[in-house]
Amino acid sequence: YEDLRSMFLKSGLAVMVYDKAGCGKSEGTFDYNQSVQNSSLEVLAAINELREQKVSGADQIGLWSHSRGGWIAPLVIHEDPSIAYWISASGPDHLETIGYFFEANWRVQGRTEEEIELLYAEWLAGFTIQRKGGTYEEYLAASPTVKKDSMMLALRGGKFNTEEKFYSFQKVLEGESFDEETGLTIIVPDFAEVLSGITCPVLAVFGEKDSQVHWQRSLALYQKTIGENDLLTYMTLPDGNHFLLSCETGGYLEKISELRERGLGQPCEGYYPKIQSWLSSLGYSH
């Protein structure tokens, strides 16, 4: 995020980025399956540290979040209503994004809608067996086609889900909440209520070629909640991928290095200027 940080600095804002638990100089142990609720406590701890050290600007703190951070930032704002503003990049709605990820990337790969429907149905059936305490054998039996899928194998290092990983993740799923209609994990219960409770200005930015977050669904939720309080500004970038970089397909396997060889892979035109003009309108930049 060097370019992004530099843009904020040039706009007259101080920037603080912290090492996650177990990373860099932070103590503790990194947990890949850390809950967003626990991650929000890390952000609150970082904010508290800035205030205790009386760092210049700590009396007006704004948040920039990307992807998963779109679950975390609202939880932080809920606990600390003094947050001045929030910039949400590629933010999700209340549901786990993996289902959309599979569908979108199979579509990018040129699969037919019939093929996508079959693959998704098998994946969801296997996931349902896993989250309901089923066996690995039942899981494999429900996944005859998807377990041979090239994208699925590429994502898992050439192997389908091993028995060890199956049962390990099954334990992670214990106690999680699930959406009855879609069968997907609910990441933040009452997320709409949390978003509706936000009282600071919000800028939401989405890439229209995002293959990891269902941006249309997220935008609709933002409009229904934050937008009802006239606090929402948003923009969509036609050539933007999940990272708001210019791209061709937005697919997960699309390499940034190859895009840059073709003059792409840079922050989308208008992304940074929009942030700067929005912050300026709020009086938070020079």
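How many salt bridges does the structure hold? The count is 5, and I will come back to one of them. Please keep in mind that this is a predicted model.

I start with the sheet. It is open and built from 4 strands, in the order S1-S2-S5-S6, with parallel pairing. On average, neighbouring strands here are turned by 10 degrees against each other, direction ignored.

Now the pair S1 and S2. S2 covers residues 85-89 and runs parallel to S1, and 5 bridges join the two strands. Within this pairing, histidine 66 sits opposite alanine 89 of S2. Helix H3, residues 69-79, lies across both S1 and S2, and its direction is at about 155 degrees to S1.

In general, side chains of opposite charge can pair when their charged atoms come close.

Next, a helix pair. H5, residues 113-131, packs against H8, residues 163-173, at an angle of about 65 degrees, and the axes are 9 Å apart. An angle of 65 to 115 degrees counts as roughly perpendicular, so H5 is roughly perpendicular to H8. From H5, the contact involves Phe127, Ile129, Gln130 and Arg131. From H8, it involves Lys165, Phe166, Phe169, Gln170 and Leu173.

Last, the surface. Leu9, Val15 and Val17 form a nonpolar patch there, and together they have about 270 Å² of accessible area. Of these, leucine 9 is found in helix H1, residues 2-10.

Key: Residues are numbered from 1 along each chain as its sequence is written. This is a predicted model: local features need pLDDT of at least 70, side-chain atom pairs count only at pLDDT 80 or more; totals for chains, interfaces and linings use all residues. Side-chain values use heavy atoms; hydrogens and water are left out. Patches are made of residues with over 30% relative accessible area and no salt bridge: like charges are joined within 9 Å, nonpolar side chains (Val, Leu, Ile, Met, Phe, Trp, Tyr) within 5 Å. Accessible areas come from the Shrake-Rupley method with a 1.4 Å probe; for residues, only the protein chains shown count as cover. A salt bridge is a side-chain nitrogen of Lys or Arg within 4 Å of a carboxyl oxygen of Asp or Glu. Two strands pair if DSSP finds at least two bridges between them. Axes are lines fitted to C-alpha atoms, for helices over the stretch in contact, and angles run from 0 to 180 degrees between N-to-C directions. Contact means heavy atoms within 4.5 Å. Angles under 35 degrees count as roughly parallel, over 145 as roughly antiparallel, 65 to 115 as roughly perpendicular and the rest as oblique.
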